Amino acid sequence: FWVSSLTAEQPVIDARAVQILIDGGQSFKDLNKNGRVDHYEDWRQPIERRVDHLVSQMTLEEKAGMLLINTLNAEAGGAMPDAAPQYIEVEKMTRFIFRNTVTASPQPLSGLMAMMSGPQVTPYEAAQFMNAIQETAEATRLGIPALFKSNARNHFTHDARAGINVASGSFSAWPKEAGLAATRDMDLVAEFARTMAKEWTAVGIRGMYGYMADLSTEPRWYRVHETFTEDADLAAEMMSALVTNLQGPSLGPGTVALTMKHFPGGGPQQGGADPHYDFGKHQTYPTDGFTYHLKPFRAAIDAGVSSLMPYYGIPVGQKYRPNDVGMAFSKGILTDLLRGELGYKGYINSDTGIIGDRAWGLEDKSVGEQIMIAIQAGTDVLSGFDKNKQIMGLLKSGALTEKRLNLSVGRLLKEQ
């Protein structure tokens, strides 16, 4: 992870699979194993120059791998799973979702929960697992670091659900999101965020699928328990405090990059149904409600949020076209609104499973067509997808250009 070139202070450098190079009395990782300090390895250089240089060194397969992110859990005892070498060395992936519960006293799990979230592990085992993944990534041709993300795991919850949240285990357990917002105490929220960042980075988690900036305007919606409030102004305060204290002034040691969700507001679900399912795929905003639901996202963008996640739902009756497909497939929502009107500069991370399972409005399209529509709309990384050959096929056919691919790769590498 990078350190701001403005300080030019020697960061702590450690390496397991590459050499440490000394230049001008300072240390650098020889990530591409060529015996010299290249621009992208030089933490003294501006981040944009480092990213541009790294992109120029990457093969198409390596670039295609940047668009992929999927679950990679530790096995019992923190062991590396068989999928890890396949993901890193074959699929060229550098981004993963970590779902294991971290607890001082692991308990055996069974059934669907065990299959989705993996076995429980201790903090030491979690750290050893992530170090092993980083060592494997460091040994690859360019040594691009892996990035682990997690759903929320610092709240008291009696029934954590894989894909939604994670039991707090050894992490500090705070009130649920609505409980924190109810205090209306931004100093307390800042303390919560800083505590969370210390705990997550201690085991190697450097990114979050969260927090939810959605407003709880539809009380029948299942995910209201993950929202902070129905009050757009209070939610905006919360998002600003969370971004400011989890990411800090800039990403670096000790910070957690946020993927705020679910743009442009997943609260107004038609009939309260959830868009993980076909019967809940429509979002119906009340009069002027669309602008109201955007307020927390505007605050997150102003605070410098690293990435945003559009929701599965179809925005019924909105002016942004097309408005008959899910948000991640809508150029009007992601490019015209988010990047054009709101001036967003970060990357766009799809929700998990939009390709195939939840491609609402595009159910009759092929996987390749769904991917291309998502990328053309503005999506940069496909959550729950891990098939490099599928992206390579689009590149070879000319459907996806390297220029467009480079745009997403550069956005993603800036964070990493």
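Leaving aside neighbours within four places in sequence, which residues is Thr122 in contact with? The first legend answers this for the predicted model.

**View 1. Thr122 and its contacts.** Beyond its neighbours within four places in sequence, Thr122 touches Val102, Thr103, Ala104 and Pro106, where contact means heavy atoms within 4.5 Å. Thr122 sits in the loop between α4 (111–117) and α5 (123–138). Helices (H or I, at least four residues) and strands (E, at least two) are DSSP runs, numbered from the N terminus. With a relative accessibility of 18%, Thr122 counts as buried. Buried means under 20% relative accessible area, exposed over 50%, and partly exposed in between (1.4 Å probe, protein chains only).

**Basis of all views.** This is a predicted model in which local features need pLDDT of at least 70 and side-chain atom pairs count only at pLDDT 80 or more, while totals for chains, interfaces and linings use all residues. Residues are numbered from 1 along each chain as its sequence is written, and side-chain values use heavy atoms, with hydrogens and water left out. The pLDDT, which is the predictor's confidence in each residue from 0 to 100, averages 94 over the chain, and 96% of the residues score at least 70. Residues 1–6 have a pLDDT below 50, and this stretch has 21 contacts in the model beyond near neighbours in sequence.

**View 2. The largest nonpolar core, around Tyr211, Leu242 and Met260.** A nonpolar core is a set of buried Ala, Val, Leu, Ile, Met, Phe, Trp, Tyr and Cys residues joined through side-chain atoms within 4.5 Å. The largest one has 111 residues, of which Tyr211, Leu242 and Met260 touch the most other members. Helix α7 (residues 186–203) gives the most to this core, with 8 residues.

**View 3. Helix α8 and its packing.** In α8, 11 of the 15 residues are buried, among them Leu234, Met238, Leu242 and Leu246. The buried residues pack against α6 (177–183), α7, β7 (257–263) and α9 (289–303). At the N-terminal end, Asp231 caps the helix, with a side-chain oxygen 2.9 Å from the backbone nitrogen of Asp233. Just after α8, Gly248 takes a positive phi of about 75°.

**View 4. The salt bridge between Lys295 and Asp233.** A salt bridge is a side-chain nitrogen of Lys or Arg within 4 Å of a carboxyl oxygen of Asp or Glu. In this pair the closest N and O atoms are 3.2 Å apart. Lys295 lies in helix α9 and Asp233 in helix α8, so the pair ties together parts that are 62 residues apart in sequence. Lys295 is partly exposed at 34% relative accessibility, and Asp233 is partly exposed at 47%.

**View 5. Other salt bridges of the structure.** The whole structure holds 19 salt bridges. Arg36 and Asp38 pair at 3.4 Å, N to O; Arg36 is exposed at 51% relative accessibility, whereas Asp38 is buried at 9%. Lys331 and Asp336 pair at 3.7 Å, N to O. Arg339, Asp380, Arg404 and Arg411 are linked in a network of salt bridges.

Technical notes: Polar contact = N/O pair within 3.5 Å; in protein donor to acceptor, adjacent residues only side chain to side chain.
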